[in-house]
Structures are given as C-alpha cells and as structure tokens.
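Visitor: I would like to learn how to read the inside of a protein model. Please take the features one at a time.

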Amino acid sequence: MRSAPFERANRVGLRSIVSGAALALAFLTPSLQAQTGSIVGRVIDGQTGRPIQTAQVAVAGTSLGALVDNEGRFRIDNVPVGTHEVRAIRIGYQPASVSVTVSVGNPVSVELRLAETAIALDEIVVTGTAGDTRRKAIGNAVSTVNAAEALDLAPAVNVVEVLQAKTPGLTLMPGSGTSGTGTNFRLRGASSIYGGVRPTIYVDGVRIHSGGSGNFNVFGQNTSALDAINPADIESIEVIKGPAAATLYGAEAAGGVIQIITKKGRPGAVTWDANVEYGGNEWVDALRPINYGVATAARIADPTNYPGYQGLQPGDIISHRPMSEPDALRVGKLTKVSFGARGGGANYAFYVSGGRDEEDGTYYNNFSNRTSLRGNFQFHPSEKLTFSTDVGYSINEVGLPLSDNIATGLIISSYLATPGRKYPFPAGLNYFTIAPETFNTYSNVTRTDRIILGANADYAFTRALSTKLTVGYDLAAGQAEVYFAPAPPGTNPFTARASFNVDNTKGLIAEGRPIYKNLTVDWKGSFTRDLNADLVSNATVGMQYLKNTLQRTESFGQDLGAEGIRSIAAAAVTWGDQDYSEQKSLGFYAQEQVGWRDRLFVTAALRMDNNSAFGTELNRVFYPKVSASWVISDEDFFSLPKVQQMRLRAAWGQAGNSPGPFDAVRSYTTSVATGETSTSSALRYSSVGNPDLKPERASEIEVGFEADMFGGRLGVDFTYYNSRTKDALLPVDVAPSTGFTGTQLQNLGTIANSGIELLVNGTPYRGSFLSWESTVSLSTNSNELVSFGDERSYIAFGAYAPVHRYQEGYPIAGYWALQVQYDAAGNVIKNAQGRPIVQDTSIYRGPSVPTREIAFSNAVTLFDKVRLYALLDYKGGHWMFNVKDWRRDRSGVSWETVNPEADPDEVLVRQFAAQTYMHVQRADFIKLRDLSISYELPSALLGRVGVRRSTLTLAGHNLKIWTKYGGADPEINFHGDDTFNRNDSWTVPQTRRLSVSMSVSF
C-alpha cells in the first residue's frame, strides 16, 4: 500500500509536469504558428471556365489536402512555409499542378485549370497488379467503375445495380425481381462446366464470400451475400476479366476478379454526406399476362365451380389479369437513409458511415433490409510506415416467398387458372393451387450478421524498397427460419415439397445456422531501381494464403401443437443435420517489370499454387504471365490527327479454377443399421474421389488500345480476347467394381471463349450553360465446348424438358428443341389419334446467355444545376425457354389458344407438350434501365445553413422493356443465380422502381 506522503508527492509532481508542459506549449505555439501559412484557390475547367466540383487538391510531399466546394473553391491551412507543388485531380480531367511559395500572413492564392481527358493513363489501379500500379504500366484491361459518380446519376440498392451495364465483358443476369435475391455473374463467357464460373470478389484486398447467405430453399431464388455491402460506402469497383489479368490470384481466378474499393479518409477538414431516398417497387400490369376462358354449356350450368360464367352465352370469352386482387401484390415501399464523414490531419485520415435500407418486394412476405456501419482508418506514424484498417459490419434480413418451381407459388396458381372458375381450398376464384391470403402466411426469413475486417501495413525501407502486408477476415453468421402454422383440421394449404417433403399440417419449424469464414493473408515486397537513365526495374515477390470454411447446422420440429409456437424444443418430433467444408490455398509469385522512358513497360510474372482441393498426386501448379504496354503517343514519330494520347497493350497469362473441397477426396458416410435386437450406425461408401484431380487451366491472350482524341472529348478503349480452358472438369461413371456408385470428376474437357470489348466516352458538347456526356459500352462473346476429351455424344438436361445440352462444337448449355413434323405443304403431320408427331432429333436454337451487349448512357447538365440522365441496356443473341407460355398454352388460358380465328393446327401444336421448338424463343431485349433528373440547390441558399452541396433527384429503374420475346421479361431465370439451367417459369419479372432522393454535403 502506498503512503499518503507518496500520493501527495505524486500529485505535486504530476501538477508540475502538466504546468511545465502547458508553459512550454504556450511559448512554442507562436513559434509553430509562425512556421505555417495557407493556400486558397479555385479549380476550373480550362476550356469553359466553369468550376469543377468534387475535385481533390493536395500539397505534394505532405498529407495536406482538401475537397473543393460547389464553386470549385478550396482552402488548405497549416502549410509549412516555403515552396510547394499544389496538385488537383478529378476523374475525366488531366491532373494539373502549380508551384506556390507559402509565407506567414496572407494566404497565397492559386487557380488550377484542368484539361478534359477521356482516358487517365496515370490513374492508380489496385486489382491484380504488383509494382508500378499506374494504368499506363499495365498490359491488360482493367475496367473501373466510379461508384460515387454512378450513384449521383442513378440510385442503386445493391452492388449489382452499381455494376449493371457499366463494364463491357461483365454479364449480369438477375434471377428475378424478388427483393434480396442473387444474380449470376459471368466475365468473358463460361470457362467451366462443373467448376465455378463466378468471378472472385474482394473488398479492399480481402477475399469475401459472394454466393448465397444460407437461406432455406424456395425452389428457385437464392439470396445474395453481396447485399451486405452498402453501395453508399463504395468509392470504385475494379474488374479484371480473364487469366491474362488474374494470374496473380492463381487457382481462384480463371473466372476473373472484382475488387470493391470502399471510401477512405482525406486530409483536411471533416466533411459530412447524408442521403435520404424514398420510393416503391411495382410489378406493372404490362408484365402480367391476361388469362382467357371460353363459356361452355357445362360451365354456365355449374355456378358453384364456375361463378364467373353466369349470364353468358356459349362461345363467349371472358378474361382476367392474374394477381389483380388487392391482397395478391403490393407496391413495395423503399426507404434508404445513409450518412458518412471523412477527414484527416497531417498523420491520419478516416471515413465512417452508417446506413439503414428497407426494401419491400411486390409480395407481402418478401422484403430485404440492411443495417450497415463502416469505419476506415489510416495512420502515418512516419514517412516510412502506414497503417490502415477497414471495418464493415452489416445486419441483413431477407424474407423470401414461395415462387418459381413450386406448385404452391402464387404465379403458377394464377397463370394456369381458368378465369371465372373457383377452385377448392387452399385455392379460390382465379387461383387453382393457392389463394393470396394463404400464400402470404408462408414465412422464410434469413438474418445474417456480417463483419468484413481488413488490416494493412505498408513500410518503405528506402525509396526503392517497400513491403505491404494485408490480413483480412470475412465472417458471416446467419440464422434461417421457415415456419408453417398448424393448418385447420382436414386441410393442407402447403404441399409437403414446400416443407422439406414432410407433413406440415400440424405445424413445422426449421432453423438453419450457416457460418461462412474467409481468411486472407497477402504479403508482397517490391524493389525499384534505375538500371540506367532510361530503364527502370521493379521486382516484386509475394505470398497469398486463403482459407474459406462453411459450417451449417439445421434443426427441425414437427407437430407444434398450436399456432404461435415457434420453438423446436416444443415440437413433438425433432431431428437435425450438419455440414462442414473447408478449403485452403497457398500461392507464391514473382514479377519483374521493366519500364523504358516511362512509356514502354514489359512485365513477366510466375505464380506457384497449392490447394487443399487438389488431388493427393498433385503438389503444386504454376501460372505464367507476360504483358506489354506502350504509350506510343509519347514517341516523337507519333502523329495522328486529333489523337492526343494512345496506348497499345497486349497480355498473355494463365489462371486456374480449383475443384470443390471434396471432389478429390474418397469419402464415406454413415447410415443406421437395424439388427434383430439392436440398432447401430454403419459405414458405407459415398464418393470415390480422384487423387489425380487438378485445377482447370485457362490460358488467355488479349490485345487492345486506348486513345484520347479531339482534345479530350472522345476516348476509346478496345480489347480483343481469346481464351481456352483445358483440363475442364467432367463427370465419368464410376466402375461398379470399385464398390462406389455415381460419377467421378476428371480433367478432360476443352472450352473456348473469344470476343471484343469496346468502351467509348464522349463529350459531344461542353459549354457554359450546357454539358453533354455520352458513353457507349459494347461487348461480344463466342463460347464453345471444343471437346469432352473422351468418347461421349452429349449431355442433355433441363428442369421441365431436356432443352439444354453440353455438346461439342456448340455453346455450353445451348438450347435444343423438338419440333413437330410438317409435310411439304406446311401442314402438321398427325398420328391416328390426331396428335402431332415430333421429329426424331432436336434442333439447335442458340445460346442461353447473351452473346452481344450494348449499353448507351447520356448525361446532360444545364446551367450546372439540372442534370438529365438515361441508360439504355441491350442484350441479344440468346434464347430463352418460355415455360410460362408453354404451360399456359397447354392449359388453354392464353389468347393464342382461345382466339376463335386461330389456326386449329397451330393451337394443336401449342397444346402439345412434347414440342418445345415453339416456346424456345429469341430473348433479345432493350431496357430503359435508368432515367433520372437531378436539381442542385443554389449555393447561395445552402451557404447560409453551412451546406456545401445539396441535390434533389427523381429516378426510375427498369422503366420500360422492348422485346419480341413472347413472355414478359427474358432477363429472369427461375433457377436464380444458377450457372446454366435457365428458363422463364413462375418467376417475378424485374420490377419498376420509382424514387425521390435528397443528398446533402456539409
């Protein structure tokens, strides 16, 4: 125990130290203040003299900087006295700098005039690069989406909408208009059949889980783990599209890489941003068909079952639009609130944010809610060392309805119902399997708590030698619950298929606890040195370790006893299940990059990989890469009229696609064995495995160029790619002599993809009162299954009919259809029973995914205050199996089958289930994807309340579709984010969204 004198002495000493420090600070403060000054200025367009908003200004060699206000003005305080370079940057303009001399007293004033440019060769690229990360030094294409600017033009509710129609070569195929559901991603076509084709996704250098969030099956749609990321937190998204660019990611990257880069802090005063959006989603009438029915004597005489036909005459036709009743569909409300703050000082910077999004679907039991928090922090304790931490936390809650491939879905119940007919419970008038009031009681909710954590340390030993370490962790812990209330005695509203193929009449509850974990450890070291006056060498070595695990436990309770009991422990019958998988990857790489006179860059790299999913006979694989980039416009001999900058590039590289966690492993499972006197567990064969299994290997060559023309008013970015995947995984029947059944994956096949990508940015007019910016994005893809690698004909598959095939010489999962036979006069050939006869072989119709895509956007700004924006999205060259109409024709509720003037033979063919040729249809479409008008409030008014900028926006999403496809929306797929199995069957189309939003910066 300390004595009282000691405590008193300690307090006296502490007071002395504090007093001395305060005195010293008082003397030092004037001295410190005497050493600094201020810089004030304005950033303007060099041609028009208009202020440039959102430009960033920095003092070179320091961490000091600022953002400009609405008038392009800025102020930077505490600048050390002396001569400094002040630099301004803004996307779409060439950087500009000016030298100033700062002294004590009056602030020094500068004006920075930026020249417009369509390509930014000095832009820093993060994804898939090592060494010199300027765009000009990279030999492959890297597409960058400025998320902040994209959201200014049109609001988005998720990452998919930020990317949609923004990147050539990236095909996004939303599964449905159901809120909270996933999307199929595909970069430069499908390079695998039984392996994965989704790109690998990173957030700030951390590999994340990007599939579903662990919901229970709803027979079609899947949730999306990407919805955990708030679009308001995203600064930019970088997309690298093939093996030539993805070599440094090894066996995880044959499908490409997408890097989501969140907002970071900036030196200077703290700035705040807030956004509020309110709107609604609507399933418009035009996207719902009309059912037709013909009055017959039998229907008129049966008022109990056909009340809608009373008072009609035989031959009369009645109609009804499905789901037009008030309790069937709703206008789903959308509410979004977000805020963020960023700032920093000499040695630190930060960004913090929070948001709450609530989106209701058009079904009453469909919703998607998100609560998000983010904190990104950077700390510079010295000129050599930098620490940064990126933390994102979210709570997602998604409710999914029964839909798609389930008989008790509301779409199939209404689309196949004879209008005017009343069906028995649980159906009703105009609903033949289930009525809305019963359908709406279904509850399937998934709640996910997720944290994505990344920590980085950068250390520069010298100006030439540096190192960086990134450690990240993605943890998603979910709880999925399905609940069926006890049904009234003698009724069965939901089929057993809807409840895990067990009886649900006495109530049933199921809970699933999915846990996804992804660990990332990434280290690299770089050494840069001048070989001579013209040559610069940058050597990089690195290591990457990835580990992902999935753990899921499920418990079920049957016979709940009473409505309202939602406890598995209280159920009369209970059981459970458990799954676990783990996959690890370790890779090492080395890269050498040589730059000549800062205009010609040649890069060579090699990566070595090992993966826990490889067979036991494979210890490592190697992936090489070479690329070249030449800024030819910097050469003295270059002379092309109207071309200011031009870069030529070429790259070749390889990347892998690893098998699944257990594909190579021989496995066994347990079962229950019952004897005469006892019951015990028994071991039995499960999967034969393959010790020789290795990753699929994709090789790609790409060439392209970028050009800046007409004084920065036109930019062109062109790429041609040709890739080939070898050792593609294919199933082979297991020999019965092994004791196993089923199939074994082997490395056999060859797949090819080729295409072009074109991005054109233009400014047709820029003046003092009007500015017009336009962008055209175009891409094509030719996909072919070159060879199975063994002797087999084809593999046919499909949910309702075998309309898909894997067949050599054709696109993967292309459509094949059966057509009825016609004679020479064009008449249908029929059998003795008067039924059509189908041809012996199927006919190839076309690819199941788009082979060409064009996006065309325009932004017109008037008087720097009003902005009009429109985005048109075209996808074509593909086909879709129109199951809705295939089934509606067979049920006789379509106009084509009840029209009294219709050709009887055509009606006969339409109602013939064996034929699919008529219903595998061209799926080309054009969508008015986004349309918005924004008004920026006057700065004079805003300045009085301390607001820098405020914008009011009215926006619409998926407003209109133009298509010759027979269904409402060829973009949907009842398999949700499934890779290849596609059809239009009982799925919610893309809904129309209208919203109003207000953004405020202060």
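Visitor: Which helix and strands each supply at least two residues of the lining of the largest cavity?

Guide: A word on the source: this is a predicted model. A cavity is read from its lining, and here helix 3 (159-163), strand 19 (332-344), strand 20 (348-360), strand 21 (367-379) and strand 47 (949-963) each supply at least two lining residues. Strand 21 has the largest share, three residues.

Visitor: What is the volume of the largest cavity, and which residues lie nearest its centre?

Guide: The volume is about 410 Å³. Of the 31 lining residues, V157, N158, E161, G180 and E359 lie nearest the centre. The structure holds 13 cavities of 30 Å³ or more.

Visitor: Is H209 buried or exposed?

Guide: The cut-off for buried is under 20% relative accessible area. H209 has 17% relative accessibility, so H209 counts as buried. H209 is found in the loop between strand 13 (206-207) and strand 14 (234-240). The side chain of H209 reaches the backbone oxygen of G212 at 2.6 Å. Leaving aside neighbours within four places in sequence, H209 is in contact with A225, R450, D474, Y516 and N518.

Visitor: Which side chains make a polar contact with the side chain of N781?

Guide: There are contacts to the side chain of Y721, at 2.9 Å, and to the side chain of N753, at 3.3 Å. N781 lies in the loop between strand 36 (770-780) and strand 37 (782-787). N781 is buried because its relative accessible area is 15%. Beyond four places in sequence, the contacts of N781 include R188, G189 and T851.

Visitor: How should I read a nonpolar core, and which residues touch the most other members of the largest one?

Guide: In soluble globular proteins, nonpolar side chains tend to be buried together. The largest nonpolar core here has 36 residues, and W283, M323, Y363, L402 and I411 touch the most other members. Helix 6 (410-415), strand 24 (465-484) and strand 25 are the elements that give two or more residues to this core. Helix 6 gives the most, with four residues. Apart from this core lies another, of 23 residues, including L187, I229, I234 and I452.

Visitor: What is I411 in contact with, leaving aside its neighbours within four places in sequence?

Guide: The contacts of I411 are W283, M323, Y363, S403, K884, W986, T987 and V988.

Visitor: Which residues are buried in helix 8, and what covers them?

Guide: An α-helix has 3.6 residues a turn, so residues three or four places apart point the same way. In helix 8 (residues 883-891), V883, K884, D885, W886, R888 and D889 are buried. Their cover includes strand 17 (291-294), helix 6, strand 44 (879-881), helix 9 (895-898) and helix 10 (904-910). After helix 8 comes G892, whose phi is positive, near 70 degrees.

Key
Residues numbered from 1 in each chain as written. Predicted model: local features only at pLDDT ≥ 70, side-chain atom pairs only at ≥ 80, totals over all residues. Heavy atoms only, no water. Buried < 20%, exposed > 50% of the residue type's maximum accessible area, 1.4 Å probe, protein only. Contact = heavy atoms within 4.5 Å. Core = buried A, V, L, I, M, F, W, Y, C linked by side-chain atoms within 4.5 Å. Polar contact = N/O pair within 3.5 Å; in protein donor to acceptor, adjacent residues only side chain to side chain. 1 Å grid on protein atoms, 1.4 Å probe; cavity = no way out; pocket = protein on both sides within 12 Å on 5 of 7 lines; lining within 4 Å. Points joined across faces, edges and corners; volume = space filled by probe spheres on them.
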